[in-house]
Amino acid sequence: MSEIVRVAVDAMGGDDAPAAVVLGAVNAVNNHPEINVTLVGVMDAIEAELAKYKVPAGRIDIKAASEVIDMAEPPVVAIRKKKDSSIVVGLNLIKTREADAFVSAGSTGAILVGGQLIAGRIPGIKRAPLAPLIPTLNGVSLLIDCGANVDARSEHLVQFARMGSIYMQNIMNKKRPRVAIVNIGAEEEKGNALVKETYPLLKECKDILFIGSIEARDIPKGKADVIVCEAFVGNVILKLYEGTGQMFLSSLKKGLTSSLLSKLGAALVLPSLKKTLKDFDTKKYGGAPLLGLNGLVVKAHGSSGPAEIENAIVQCISFKQQDISTKISQMLQV
């Protein structure tokens with residue numbers, strides 16, 4: 001039997017919490033026998049939602065937390081003042097080793113701050129990057145960093161590249177992940193001061209396959225497996241990805257329903273189209289891991305539904321089985 005993976009889940013985080021979160025957790029334990037879940041949050045609200053479903057005995061428990069951190073609250077202040085919030089209590093379960101992972105669709109800022117202050121960084125890790133998987137024509141790529149470190153230095157980006165390579169190799173089974181740095185051109189001499197300083201350092205890394213610069217237009221083509229950038233650039237890329245996808249789907253729907261003839265054509269292509277579009281749905285990956293911490297912290301999208309919450313919980317299985325935190329720690333000794 002596989003080792004049990006203990007996942008603490010912020011039941012109060014997200015636009016549709018606790019309903020969507022609880023259902024996602026129920027589906028996760030029902031579909032994956034190697035997962036146990038601790039739902040963290042307001043006891044009465046969680047119990048009311050759990051009462052709606054059949055839950056396997058001993059697979060879901062509740063850790064009470066009386067406070068909730070709102071999206072608009074200053075992250076550092078909220079983490080320090082709301083000691084009994086679902087985010088702080090959940091992260092403390094990581095710190096005390098009562099959970100292997102923590103999943104939340106709540107305040108991004110609070111999760112980033114709390115992850116580093118409470119769970120703590122692996123010794124030697126200078127910054128913990130947020131690293132979502134993004135769909136491409138060649139499968140998926142890891143975008144690192146997409147929102148945690150807007151003032152990153154070259155030494156941070158080098159660590160991001162190395163951690164990202166480890167993640168893609170062990171979680172996504174990429175034997176030799178191609179690593180590239182986001183730039184405004186392919187030439188080595190191009191870029192801002194940060195990129196110019198980081199590029200030669202990445203070339204010197206013996207434990208990654210650095211292929212040079214990647215322009216934004218080549219990211220969706222899947223020309224790199226690990227896409228390295230500081231958080232400001234990464235967040236712009238991620239949001240543009242999301243917006244372009246929504247625009248494309250809206251335009252496609254409008255075109256396919258504009259006339260009787262187009263509706264007939266849509267009926268013919270719809271099965272194949274749905275299958276193709278599933279490959280480009282970022283929600284199926286569940287959330288973005290915050291790499292470089294003592295334990296796994298996963299940030300799910302605020303609008304996550306039950307399926308996204310389930311996927312965010314399920315991705316914790318591979319992270320623990322492959323012992324990613326230990327591999328990252330060992331990386332620093334090379």
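Modeller: Sort the lining of the second largest pocket by residue type and you get 7 nonpolar, 4 polar and 5 charged residues. Keep in mind that this is a predicted model. The lining has 16 residues in total, and Asp100, Asn294, Gly295, Asp323 and Ser325 are the ones nearest the centre of the pocket. The space inside comes to about 270 Å³. Now for the helices: α10, covering 306–321, and α11, covering 324–331, each put at least two residues into the lining. Of the contributors, α11 gives the most, with 3 residues.

On to the rings. With aromatic rings, you describe a pair by how far apart the centres are and by the angle of the planes. Here the count comes to 1 aromatic pair. Its partners are tyrosine 199 and phenylalanine 210, with ring centres 5.1 Å apart and planes at 80°; an angle over 60 degrees counts as edge-to-face, so that's what this pair is. Where do the two partners sit? Tyrosine 199 belongs to helix α7 (residues 193–204), while phenylalanine 210 belongs to strand β8 (residues 209–214), so the pair ties together parts that are 11 residues apart in sequence. And are they buried or exposed? Tyrosine 199 has a relative accessibility of 9%, so it counts as buried, the cut-off being under 20%. Phenylalanine 210 is buried too, at 16% relative accessible area.

Conventions
Residues numbered from 1 in each chain as written. Predicted model: local features only at pLDDT ≥ 70, side-chain atom pairs only at ≥ 80, totals over all residues. Heavy atoms only, no water. 1 Å grid on protein atoms, 1.4 Å probe; cavity = no way out; pocket = protein on both sides within 12 Å on 5 of 7 lines; lining within 4 Å. Points joined across faces, edges and corners; volume = space filled by probe spheres on them. Helix = DSSP H or I, 4+ residues; strand = E, 2+ residues; numbered from the N terminus. Nonpolar A, V, L, I, M, F, W, Y, C, P; charged D, E, K, R; others polar. Phe/Tyr/Trp six-rings, centres within 6.5 Å; stacked < 30°, edge-to-face > 60°. Buried < 20%, exposed > 50% of the residue type's maximum accessible area, 1.4 Å probe, protein only.
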